[in-house]
Amino acid sequence: MTSVLAPPPEGSGLKAVPGVPGIPYVGNTLSVMRDPIGMARRRYEEYGPIAWGWLLGMRTCTVQGPEAAEAVLVNRDKAFANGPAWSYFIGPFFHRGIMLLDFEEHLHHRRIMQQAFTRPRLQAYMEAMAPGIVRGVEAWDARSGFKVYDHVKQLTLDLATDVFMGVELDRAEADRVNGAFIDAVRAGTAYVRFNVRGLRWNKGLRARRELEAFFYQHLPAKRRDGGDDLFAALCEAETDDGQRFTDEDVVNHMIFALMAAHDTTTITLTTMAYYLAKYPEWQERLRDETFALAERLGRPSLEYADLDALTGIDMVMKESLRMVPPVPALPRRVVKDTSILGYHIPAGTTVVVPMLSNHHMSQWWKDPDTFDPERFSPDRREDKVHKYAWSPFGGGAHKCIGMYFAGMQVKTILHQVLQRYRWGVPARYEWPLDTTSLPSPKDGLPVRLDRL
Ligand code: HEM
């Protein structure tokens with residue numbers, strides 16, 4: 001039975017948000033997690049762009065389509081807050097990460113952090129990670145049943161110790177830090193969301209303490225010696241008016257940035273690998289592009305300025321981010337009564353911008369479920385239909401600060417992989433995508449990997 005979220009204030013001219021709340025607290029959680037795109041389509045047909053229901057124990061308004069996404073992410077009247085919404089999922093493990101800060105405080109931190117993502121910094125990160133990428137990709141053993149997701153995850157994790165931390169670690173210590181980091185990320189999606197010894201939440205809290213200890217231990221040397229890594233960049237970052245991060249800020253931001261960078265690029269590369277296996281003609285096209293560029297440059301490796309030449313890889317990356325955005329939805333807590341597209345949204349509600357289903361709306365995309373990288377070619381540019389139609393990196397004040405970093409890392413890795421390997425999947429293979437947390441293939445994406 002349809003029930004409104006809250007009656008709009010009298011005389012406001014606003015509409016009430018409709019919805020089917022279902023069982024309190026549980027509502028549609030399971031259906032949304034199992035089939036997010038199908039659920040979103042059914043809701044849109046029945047209620048239009050804005051509807052409410054119980055999701056993960058919260059009264060949640062799902063706001064569909066790029067116009068609603070823009071209203072929430074641009075956040076003109078500061079009615080939508082990140083901290084209270086994201087804290088529910090990752091607060092204890094990633095507290096005071098920049099994505100969890102709001103308004104003036106967020107702006108203050110963002111201005112300092114921006115100094116760690118300038119073009120010269122990005123160039124230095126790219127140089128720092130190049131040997132690790134070649135080493136990591138070269139070591140893959142070509143065979144059938146090669147699990148792309150697992151290998152890419154390990155590679156991006158190893159790169160993180162070079163380019164994020166810039167700390168020389170022996171294998172045992174690197175494994176310990178990586179393990180702590182994986183536990184912290186996993187804890188965010190724990191079903192049992194309180195501290196029971198041995199379960200995910202408990203492991204996450206222990207991991208957080210370990211990571212803090214690790215970064216505090218290395219911080220004095222970083223402050224003193226600097227370097228070309230993100231850790232050093234955050235220690236040195238300073239705005240024109242001399243504002244800098246405290247030690248505590250550096251540690252919080254490091255732990256958060258590792259998380260923000262790692263799973264997202266892993267998912268992007270895995271999705272690209274999946275579609276390139278399903279569409280071998282695209283794989284060959286990218287390989288031709290890669291070899292042609294390597295020949296023109298006279299070297300197999302890339303520098304920052306070469307990235308723009310990889311137009312095919314760029315289109316495939318964009319299309320993969322459209323098909324499977326690594327952060328499938330963005331939550332916000334409504335901190336004062338507001339409205340979206342003429343609907344009354346009361347304070348206390350959680351609002352979700354569902355990027356995954358937005359990217360599959362037939363109202364905005366032609367054949368949205370078809371993999372078609374050419375839609376991003378200069379003469380089509382279907383994403384131009386609305387500024388927020390394609391928004392895997394979010395938008396507004398919290399727009400991903402690592403967007404260019406991600407492009408650089410993904411393209412550099414793929415450039416090396418294409419020069420060494422060809423991969424494929426059986427004709428009828430469809431990957432079993434787990435959408436209950438950040439998307440990932442349940443089977444690790446096994447491919448047949450052949451060395452060229
Ligand atoms: C393809 C890869 C990536 C995707 C799809 C992605 C996606 C996103 C999205 C959607 C947000 C906005 C969250 C919100 O509005 O609530 C975000 C924020 C953020 N991302 Fe990324 N990200 C990626 C890679 C990276 C990398 C490589 C880094 C770091 C090197 C990074 C660092 C951050 C940080 C620090 C924020 C918070 C910014 C703020 O709140 O001001 N991300 N990312």
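**View 1. Cys 400 lies in the loop that links helix 14 (355-358) to helix 15 (403-420).** Helices here are DSSP runs (H or I, at least four residues) numbered from the N terminus. This is a predicted model, in which local features need pLDDT of at least 70, side-chain atom pairs count only at pLDDT 80 or more, and totals for chains, interfaces and linings use all residues. Residues are numbered from 1 along each chain as its sequence is written. Cys 400 counts as partly exposed because it has 18 C-beta neighbours inside 10 Å (buried means 20 or more other C-beta atoms within 10 Å, exposed 12 or fewer, partly exposed in between; C-beta atoms are placed from the backbone). Leaving out residues up to four places away in sequence, Cys 400 touches Phe 393 and Gly 394 (contact means C-beta atoms within 7 Å). In an unreviewed UniProt entry, the annotation "binding site" covers Cys 400; such annotations may be inferred rather than shown by experiment.

**View 2. Here is the shell of 22 residues that surround the ligand.** The closest are Ala 261, Thr 264, Gly 394, Cys 400 and Gly 402 (near means a C-beta atom within 6 Å of the molecule). Helix 11 and helix 15 are the elements that give two or more residues to this shell. Helix 11 gives the most, with 6 residues.

**View 3. Now follow helix 11, which runs over residues 247-278.** Helix 11 has 32 residues and reaches 47 Å from its first C-alpha to its last, close to the 46 Å expected at 1.5 Å a residue (1.5 Å times one less than the number of residues). Of its 32 residues, 27 are buried, so helix 11 is largely enclosed by the rest of the structure.

Key. Two residues are in contact if their C-beta atoms, placed from the backbone, lie within 7 Å.
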